[in-house]
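Hi,

Here is the structure I said I would pass on. Have a look first, and my notes follow below.

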Amino acid sequence: MDAEIGLDASQPESFSDVKSFFESAPPLKNSDSITQKVKEFIHQNSQFSGNTKSVGVVCVTSGGTTVPLEQRCVRYIDNFSSGHRGATSTEYFVKSGYAVIFVHRRGSCQPYCRYLPEDSFLEFFEISNDSEIQVCRPHAPAVKKAIKEYHSAVNGGLLLKLPFTTIFEYLQIIEVVATSMSCLGPRGMFYLAAAVSDFYVPWESMAKHKIQSTAGPLDMRLTQVPKMLRILRIEWAPSAFCVSFKLETDPDILLQKAESALSKYQMHVVVANELATYKREVILVTVGGKVSIRKQSEDADVEDELIKLLVEKHSEYIESCRMG
């Protein structure tokens, strides 16, 4: 399971597989509300007037999808992803002037919350002598900075957060966002950092209630999730600038797999990262070559340099589309 969605052009039945997946999936809750929020956000950030001057709109996907094993779910298969890359990248996109649709796993890392302790946010607070609650002095600057930047992004209309948990929710939200963003043309960008399940249990094949252990060993057949990246590129948002991710544990096949994804799914950029070093180094793979990006210091974020380079490449792409 890795951070990409795609459609294999070599399989003509894939488009029908995608249609069948959506037809059989449980309906997305609050679908009308989500669609309205997305369209309003995009409309607001497609106008160059007033205080709305975003460079473009980027859909950042973050965190891992789950695969339910029961319709009334008690057990599920999960994907490894803290959501740190997507959350951190969102901050740098906003800083660069982009409006961000942050499609994220519930409970995963959130933008502007990276400074909170893992165990409990209560560690950031203390009770003063007059019984007032205040931020602990060593943490105060970071907390105030995070709060200020978060409210600036939200109040400025530059951040829309859409949560998901299951593979069904994730792919339905992506379809809503992508078809809505098609009106932006090349100003739209997809930064697909979520870890998306490769296999799932079809809804109609799923047990309705909790699977009982008394039934003995569990024998379950998983179906391959239809690859949807190419349908995003061809039908949903054909002019958008698309960045996907390739995560591998074997460095010997990483670049080969990234180059394959670049060609197979017609990506503009594939970000290759190895599990052991993904927080320190990534490799940008494009048709023009490869660029290695490393953290500049221990306190720096590799996403800082990554987003700067992607913003530059997106600008070049917008200009090339304008020139025809």
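The largest cavity holds about 220 Å³ of space. A cavity here is a set of points on a 1 Å grid over the protein atoms alone where a 1.4 Å probe fits but cannot get out, and lining residues have an atom within 4 Å of a point. Volume is the space filled by probe spheres set on the points, which are joined across faces, edges and corners.

Before you read on: this is a predicted model, where local features need pLDDT of at least 70 and side-chain atom pairs pLDDT 80 or more, while totals for chains, interfaces and linings use all residues. Residues are numbered from 1 along each chain as its sequence is written, and side-chain values use heavy atoms, without hydrogens or water.

Of the 17 residues lining that cavity, Ser81, Arg85, Ala193, Asn273 and Tyr278 lie nearest its centre. Helix H3 gives the largest share of the lining, 3 residues. (Helices are DSSP runs of H or I, at least four residues; strands are runs of E, at least two; both are numbered from the N terminus.)

H3 (residues 84–95) is also where Thr88 sits.

Cheers

Notes
1 Å grid on protein atoms, 1.4 Å probe; cavity = no way out; pocket = protein on both sides within 12 Å on 5 of 7 lines; lining within 4 Å.
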